[in-house]
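Thanks for coming, everyone. Let me put the sequence and the model up, and then we can walk through the charged pairs.

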Amino acid sequence: MSLRDELEALRTNVGVVDTSERGAVLVTGPDAWSYLQSLVSADLDTVGDGQGVHSLLLTPQGKLDVDFRLLRVGDEVWLDCDPGFGEQLAASLLRFRIRVKCDVTDRTGAWGSLAVRGPNAIDAASALDVQVPGAPHAHVPFEDAAVVRAPWPGGDGFDVVGPATTVAKAAGRLSAADVPTCSTDAYEALRIEVGVPRQGYDLDEKTIPQEAFLELDAVSFSKGCFLGQELVCRIDTRGRVNRYLRRLTAIEDGCPPRGAEIVAGDKVVGTVTSSVAAADVPA
C-alpha cells in the first residue's frame, strides 16, 4: 500500500504497525514493586496483575528522564518506552537500586511490539482469540505475550508486547484476518496528526511534566514521595510553566522541519518538534 492508503486504513478502519524498536525493560524480584513505587510518578499501589499504568521516571530536579508504560504481569513488571530509551531507562533505574532485592534487565531488541490502531482496532483482537480489556493499559495474555489496551485520541487501540517470536505469530494471525500492515512512516504521521508526543522529539530532558500535560494521567499527587516530586507538586499547587507543547497548523505551503523556529512578531516563541506534510493529513 501507499503511504496515503496506509494512513486511510489507520484513520478509517484498522491497521497494524511493527513497533518493535520500542525500548523494553524487565524488573523482577521480591522488592521490585516497592522499589518502583518509591521512584516513579504513578501510584502503583492500585495496579494489580493484568493491569498497567502510564508513568514517568523523573530526574531529582523534576525534569523528564524517561516516559514509559508499566504492566504488572504476575510477579514481573514489564516496562516499555519510546525507541532509543530502553537502555537509559534500565540504567537510570539501576542507578537508584541500593540495598534492594530486584533485578533490572534491558531486553530491547529481544522484545517485540505491535500497535493496532483505527476505529475498528478493538474488534481486530478477535483474530488473536482475545478480548481487549476496557481499562487503559489493562492486558490479557496471548501465549507468553500480552495484549494491552492502548489509549489513543479518537478511539483506543491495542498493542501486543512480548517475546519477538510470539509477537511475530500475532502479526501473522492479524495479517491472515486481513488487517493491513502499515509502515512506521504512516504511524508517525498519524501520531503527529492526533497529537501523541514522542520522547526524543516532542519531549526531552528539559521537559517538565506539566509542559506536555503528562501529569494528567502519569503523575499521582496523592501517593508518597517519588523522584522529582517536589517540582511537579509545587507547580500543581501554586505555580505554572512558561511553555506548553501545542499543535501547530502551518498556513503557508510546505512543511516546517523539526527545529524550525516559531516567531511571533520579532520574538521567537517556540520550536517545531515534530512535523508532517499537509499532503499526508486530512484537508
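**Salt bridges and one surface patch**

Glu-211 is buried, at 9% relative accessibility. Buried here means under 20% relative accessible area, exposed means over 50%, and partly exposed is in between, with a 1.4 Å probe and protein chains only.

A word on the source. This is a predicted model, where local features need pLDDT of at least 70, side-chain atom pairs count only at pLDDT 80 or more, and totals for chains, interfaces and linings use all residues. Residues are numbered from 1 along each chain as its sequence is written, and side-chain values use heavy atoms, with hydrogens and water left out.

Back to Glu-211. Which side chain does Glu-211 meet in a salt bridge? Arg-243, at 3.1 Å, N to O. Glu-211 sits in the loop between α6 and α7 (215–218), and Arg-243 in the loop between α8 (229–238) and β12 (261–264), so this pair ties together parts 32 residues apart in sequence. Arg-243 is partly exposed, with a relative accessible area of 41%.

Two terms, quickly. A salt bridge is a side-chain nitrogen of Lys or Arg within 4 Å of a carboxyl oxygen of Asp or Glu. Helices (H or I, at least four residues) and strands (E, at least two) are DSSP runs, numbered from the N terminus.

How many salt bridges does the structure hold? It holds 15. Take Asp-82 and Arg-22: their side chains meet at 3.3 Å, N to O. That pair links distant parts of the chain, 60 residues apart. Asp-82 is in the loop between β5 (76–81) and α3 (86–95). Arg-22 is in the loop between β1 (15–18) and β2 (23–28). Buried or exposed? Asp-82 is buried, at 12% relative accessible area. Arg-22 is partly exposed, at 21%.

Glu-188 and Arg-191 form a salt bridge at 2.8 Å, N to O. Both lie in α6 (residues 184–194), 3 residues apart, about one turn of the helix. Arg-191 is buried, at 5% relative accessible area.

Last, the surface. Phe-213, Leu-216 and Tyr-244 form a nonpolar patch there, with about 310 Å² of accessible area together. Patches take residues with over 30% relative accessible area and no salt bridge; like charges are joined within 9 Å, and nonpolar side chains (Val, Leu, Ile, Met, Phe, Trp, Tyr) within 5 Å. Areas come from the Shrake-Rupley method with a 1.4 Å probe; for residues, only the protein chains shown count as cover. Leu-216 is in helix α7, and is exposed at 67% relative accessible area.
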